[in-house]
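Hi everyone, thanks for making the time. I'd like to walk you through one model today, so let me put it up on the screen.

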Amino acid sequence: METPAIQLDARGLEPPQPMMKILEAVATLPAGATLIAHTDRQPLLLYPLLEQRGFTYETTTQSDGSHITHIRHR
Amino acid sequence: MAATLPISATVDRVAPRVTPQTQPFGATAPSSTLPLLFTITGLLALFLGAGWIVVQPEILAMYHYSPAAIAVTHLFVLGWLCSIVMGAMYQLVPVALETKLFSERLAQVQFAFHLTGFVGMVWAFSAWNLKSVALFGAVLAVGVAIFIFNIARTLLRVPKWNVVATSVASAIGWVLLAVAAGLVIAVAKSFSESLPTLAGWVFRFDPIGAMHAHAHLGAIGFFLILIVGVSYKLIPMFTLSELQNPRRAAWSVILLNTGLAGSFVTILLRSPWKLAFSLVVVLALALYALELRAILRARKRAVMDWGVRGFLTAVSLMFPLSIIAAVLSWPGLPVNTYTMQLENVYGFLGLVGVVSFAIIGMLYKIIPFIVWFGTYSQHIGRAQVPSLAELYSARLQIISYWIFLAGLLTTLLAMEFSNAVAVRCGTGLLAASLAVFGFNVATMLRHFVRPQLKPLPKTSVNRAIL
């Protein structure tokens with residue numbers, strides 16, 4: 001069964017705005033839904049904050065050098 | 001949700017994946033306290049050094065081979081520049097190179113050695129007690145060894161080697177040589193009776209040539225190479241651009257290394273070949289300038305903030321610095337008051353105009369981020385947090401930028417013409433600029449003590465679009 005997905009494009013933003021947008025989005029993420037966040041850089045500093053808030057994630061590097069992170073509740 | 005937009009890039013099925021098991025930081029974000037400890041120490045040393053020159057302007061108005069000039073230079077270089085650069089590296093190297101610092105505990109231990117070492121060295125130089133210089137120099141060197149070990153182990157974890165990693169690796173190699181050279185000179189001078197072989201070898205070199213060779217190892221090898229390398233990551237990040245030509249960027253770092261190696265030997269030996277190697281360094285800086293220009297032309301953000309402008313102004317001062325370097329390394333340059341004072345101008349323009357001004361520009365980006373991350377990252381999405389720009393006054397930043405440039409120009413002219421009164425005026429302006437900068441930093445740090453949190457407005461709690 002496919003889980004509901006929310007897409008968030010946080011490219012073209014200076015740090016820490018991508019982190020802010022993603023954390024604001026996960027604050028309202030329903031259980032079972034996935035947030036798909038697209039960023040220019042790998043969101044390294046975001047990971048510990050997601051773990052502290054009970055989220056799991058997976059980042060893949062894209063062919064254009066950007067990154068897509070799938071985030072959902074643990 | 002305003003930021004809900006379609007994703008255009010295609011997912012690469014074989015691309016490396018990062019998960020909670022493979023990401024470098026675990027559940028603990030990098031400490032904000034450690035880089036701030038180094039930063040505050042650096043700023044205190046900077047203010048003390050500026051005040052010292054205002055009180056004793058003759059230090060700069062006469063040739064720099066004097067106990068006071070060497071003491072204040074080490075306060076400036078070790079206390080201000082090294083503290084700031086090392087603290088920033090502990091923060092930035094892991095983020096820039098996508099890995100975790102090998103050990104935060106070791107970094108704390110290094111801080112203790114660093115503080116004890118440089119404070120003792122500055123006191124010992126001003127009292128011209130060379131045995132104590134060697135003793136405190138050894139303490140500082142232990143700290144530097146710990147720093148190098150920690151950064152080197154961090155570099156071994158880097159998943160993707162690039163020009164930034166090359167510059168960091170080069171810089172820690174050069175700082176090792178700079179500290180070793182300084183320590184060898186101090187030990188040879190203070191223990192010449194018990195270590196006659198070492199002393200005999202060191203005394204074969206001209207003492208001023210040895211001092212200048214040691215200074216170039218630190219100034220170009222550590223500070224300039226790091227400024228060049230790290231800006232290849234930070235300037236694209238802050239202006240929303242990309243590195244345009246990785247080969248050109250790599251060549252700039254390779255040529256800086258080559259030019260410095262040759263400059264070190266030729267300055268030490270007072271060889272006429274030093275002009276050739278100074279031109280290699282100038283060529284490296286020209287490639288750097290071309291790459292920076294290309295990065296800026298490709299930027300997506302039209303307006304540049306004053307932190308980036310300050311950094312770029314400092315970089316453009318490399319142009320007059322290069323001309324002075326070529327003049328001073330000219331074979332058969334006559335030795336007179338003006339050419340001797342031009343050495344002071346060269347050192348001051350390099351350390352204050354280029355390195356310090358570049359660092360101050362970058363600190364306007366780095367300190368707000370460290371404070372913001374340490375204070376507010378836990379609260380995002382749970383409360384309304386201030387933006388980075390709200391952490392300090394941009395108006396004061398602009399004022400301090402112009403006062404700094406006026407003070408720099410005045411001091412350089414005053415030094416060249418050995419005018420102590422004018423040096424006091426110039427360094428007074430620099431100190432005023434730094435006081436404004438210090439006030440702005442205090443405004444940033446106040447957020448640590450008194451966070452400015454507001455409850456989330458009801459309208460921002462919107463339901464997710466499914």
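I'll talk about a sheet, then a helix, then a pair of domains.

A word on confidence before we start, since this is a predicted model. Chain A has an average pLDDT of 90, with 97% of its residues scoring at least 70.

In what order do its five strands run? Reading across, we get 1(A)-2(A)-4(A)-3(A)-1(B), an open sheet with mixed pairing.

Let's step through some of the neighbours. Strand 2 of chain A, residues 34-39, runs antiparallel to strand 4 of chain A, and six bridges join them. If you'd like a landmark there, look for Ile36(A), whose bridge partner in strand 4 is His70(A).

On we go to strand 3 of chain A, residues 55-61, which is antiparallel to strand 4, residues 67-73, with seven bridges between the two. Thr61(A) has His67(A) as its bridge partner. These two strands form a hairpin with five residues between them, and in that turn Gly65(A) has a positive phi of about 90°.

And here is where chain B joins in. Strand 3 of chain A pairs with strand 1 of chain B, residues 17-18, in the antiparallel sense over two bridges. One pair to find on screen is Thr60(A) with its bridge partner Arg17(B).

After the helix comes Glu98(B), with a positive phi near 55°.

Last stop, the domains. The assignment for chain B gives domain 1 (30-160), domain 2 (182-301) and domain 3 (303-375 + 387-445). Taken over C-alpha atoms, the centres of domains 2 and 3 of chain B are 19 Å apart. Their contact takes 15 residues from domain 2 and 17 residues from domain 3. On the domain 2 side, the elements giving two or more residues are helix 8 (207-239) and helix 10 (274-297) of chain B. Helix 10 gives the most, with seven residues. By class, that side has 11 nonpolar, two polar and two charged residues.

That's my tour, and I'm happy to take questions.

Definitions and conventions. Residues are numbered from 1 along each chain as its sequence is written. Chains are lettered from A and ligands numbered from 1 in the order in which they are written. This is a predicted model: local features need pLDDT of at least 70, side-chain atom pairs count only at pLDDT 80 or more; totals for chains, interfaces and linings use all residues. Two strands pair if DSSP finds at least two bridges between them. Helices (H or I, at least four residues) and strands (E, at least two) are DSSP runs, numbered from the N terminus. pLDDT is the predictor's confidence in each residue, from 0 to 100. Domain bounds come from an automatic or database domain assignment. Two residues are in contact if their C-beta atoms, placed from the backbone, lie within 7 Å. Ala, Val, Leu, Ile, Met, Phe, Trp, Tyr, Cys and Pro count as nonpolar, Asp, Glu, Lys and Arg as charged, and the others, Gly among them, as polar.
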